[in-house]
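Please look over the sequence and the model shown below. A short report on them comes after.

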Amino acid sequence: MDQKADPEMKGWLSKWTNYIKGYQRRWFVLSNGFLSYYRNQAEMAHTCRGNISLHGAMIHTEDSCTFVISNGGTQTFHIRAANEVERQRWVTALELAKSNAIRAMESDEEDEAVLQESSQGQEAELANILKNLSARLDDLQSCNDLIVKHGTALQRSLSELETLETATDVPSKIKAVNERATLFRITSATVINACADYLQLAQSQGRKWQKMLQHERDQRLRLEEIVEQLARQHSHLEQAAKDHQTPRTSMPHSSPSDEDEDNEFYDAQSDQSHSENQQNFIIKIPMGHRRTSSAASLGSQGADNGPRDSQDEASGSSSDVDAETKVVVISSGTNAEAGSSQNKKESSEVVTKKDSNKASSCKSSPSTAVGPPAVLRKRRTRVPDKPNYPLNLWSIMKNCIGKDLSKIPLPVNFCEPLSMLQRVTESFEYSDILDKAALCTDPCEQMAYVAAFTISIYASTSNRTGKPFNPLLGETFECDRTSDLGWRAISEQVSHHPPMAAQFCEGKGWRVFQEVTVTSKFRGKYFQIIPLGTSHLEFDASGNHYTWRNVTTTVHNIIVGKLWVDQHGDTDIINHKDGTKCHLKYIPYSYFTRDAQRKVKGCVMDKDEQVKWVVTGTWDEKVEIAPVTSVEGDRSNPVYRTGPYITAWLRRHPPPESEKYYNFTELACQLNEMEEGVAPSDSRLRPDQRMMEETQWDEANSEKVRLEEKQRAVRRKREADAEAAAAAGQSYPPYEPIWFRKDKEPWTGQICHIYQGKYWECKEKQQWDMCPDIFGNP
């Protein structure tokens, strides 16, 4: 669409800025799928104060004059109109613009489908041509047999004519020769015509095949050049890593003050060196409110318990604003005690013997595990082995560069037999960390355990490169593990554009609810998954309410080499009740670091920004926490010394043969296990996912296409009804989830999906009449 087209709607509205200035009058312009605002009409020519894309936006009405527009948490506009009529006029226009924006974005999907249909059409045309050529060759062979037959008969007749002894037999022999000559002539003419047809067909298609062959040859050459370049770069990096490691191995350990946080490139050292290094480190903490692609800070939520207009009174630029940073130096109190943390125990317990050396604030409890009932359900421990299906990766991925992978239909060959709803539920594999955190009375210690839990959710991603199935709109997944693990969760796909899932999980003294929505881009060599949703955690005993966002996930070696996953970025965990904050830094993978790879480090600060606990470890192995025992140095350059470290989380590794079945952990193998009494929209009942697990990949691909087309048909009908209602001046109700509803979250002021609390009651009564038929035949 032309960016200079006339705006669809414009006018004065009041926008919430902050608690000091409240609502401020702004000039709003709705155009090309974006809602933009300015201080006045004159600014339209040079300065836009902010805009929000309507493609993935949620429009929510608060009262008779106020409405809210949010795109999943990164941007939220609280807007107030002069009266109810004006508000409804804007809401109707926004809904219509959102529908048009979704249709424009969907054109990419339709183009992909057209390209796939075109490719399938070319394959069908090629098969038809080969069939015709084969039929003509068969005809030529038949004609050749007839020529040989008639030629032999003609030659025999001529021989008989030459050997005649009486003249009385001459007329009959001549007649036989003429008949056989006629048959030979007719057969020869047929052969000539068949040869001409075959030659014409072959020549007409030959030029087309030559062009196609040349195109494929050019693409192959380009791909070979890319692969060769990548292989060369990979070899150079490996050589550089080896060269850099040799002089470093004998170097003494540098003091914490010599480390540069912005450029941490050193070589890996021994376990003992790593133990010392992980307890002496520097971390830079952003003290301002900034937004990043990996994890936007939630500091503005905790400061004023409401939304802020972070750009309204700024320069108008949408780029990140550099915030003040606080440099925190962490130093181990006693190396002897710290060294004992190296004793690894291959156990499911998250606390080691060092707990007895520390005066913990956690309440005494005989055990954090749930006592097993009389009879526990026996669950499976593995899934069928992954079959070896050859696939031309480049033929599919070459058309995806720069696109959002959530909108690209990929075959099941790239997937694992789990949906995104099941993958999110897998995050509670180490829920025992939250069980222990629920017993803590010290909010800073509780925050340290919460930080360990947020790190543990990435453990299974270290060797899991399969893409989970994108849930269909209305798809649900329940996981009731109260009897053995002490928690149960319900998840639902609440939005298709943008793709968004809502989840609620309750355990022993804690509750987690979250919206899961991501954006992803494929960049050729790698693709990134950037989370946008917010996770909330509440504890019953303390009433503490925590929020955080996950960091960026990057999958490397898409074209050449073995796929591997990295987590990187910064995130803040906020306790909105008392202002406690934990800043975590996920350090990107580097060939040239002396620290352990996949390292995470952070610190817990109270409301006065004083460090109380430190967090360190790796997101694929274990996390250790330690209390701050003393502070040295002045206020502007403090050095915090810690007590002995406690292992807050230790990973349980998957079985040795898990590589044969998608590197699933035992819990992952059980997520898609069939259960009776689940909702008809449950992911376990999704046919294409079930077929893939049962190694019927060809059938799974066909079924996946059918389900996606069924969903598109339902979406197109809903859009047509919305357009008809808008044209008639009527409001069209948007899609409403079954088990969640959009509401304002009281601690953050955000509009999010809140669990309505009816699922388990409906399951007990088996009342599923409200569930949509999303898996059945269209």
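## Basis

The model is predicted; local features need pLDDT of at least 70, side-chain atom pairs count only at pLDDT 80 or more, and totals for chains, interfaces and linings use all residues. Residues are numbered from 1 along each chain as its sequence is written, and side-chain values use heavy atoms, with hydrogens and water left out.

## Whole chain

The protein chain has 13 helices and 29 strands, taken as DSSP runs numbered from the N terminus (helices H or I, at least four residues; strands E, at least two). Of its 778 residues, 47% count as buried, that is, under 20% relative accessible area, with exposed meaning over 50% and partly exposed in between (1.4 Å probe, protein chains only).

Among contacts (heavy atoms within 4.5 Å) between residues at least 6 apart in sequence, 64% join residues at least 24 apart.

## Surface patch

L237, Y589 and Y591 make a nonpolar surface patch of about 240 Å². Y589 sits in the loop between β22 (581–586) and β23 (599–605). Y589 counts as partly exposed because its relative accessibility is 33%.

Patches consist of residues with over 30% relative accessible area and no salt bridge; like charges are joined within 9 Å, nonpolar side chains (Val, Leu, Ile, Met, Phe, Trp, Tyr) within 5 Å. A salt bridge is a side-chain nitrogen of Lys or Arg within 4 Å of a carboxyl oxygen of Asp or Glu.

## R684

R684 is in the loop between α10 (666–671) and α11 (687–693). With 2% relative accessibility, R684 counts as buried. Its side chain reaches the backbone oxygen of E478 at 2.8 Å. Beyond neighbours within four places in sequence, the contacts of R684 include Q422, F477, E478, C479 and R690.

How values were computed: Areas by Shrake-Rupley, 256 points an atom, 1.4 Å probe, with all protein chains shown as cover. Polar contact = N/O pair within 3.5 Å; in protein donor to acceptor, adjacent residues only side chain to side chain.
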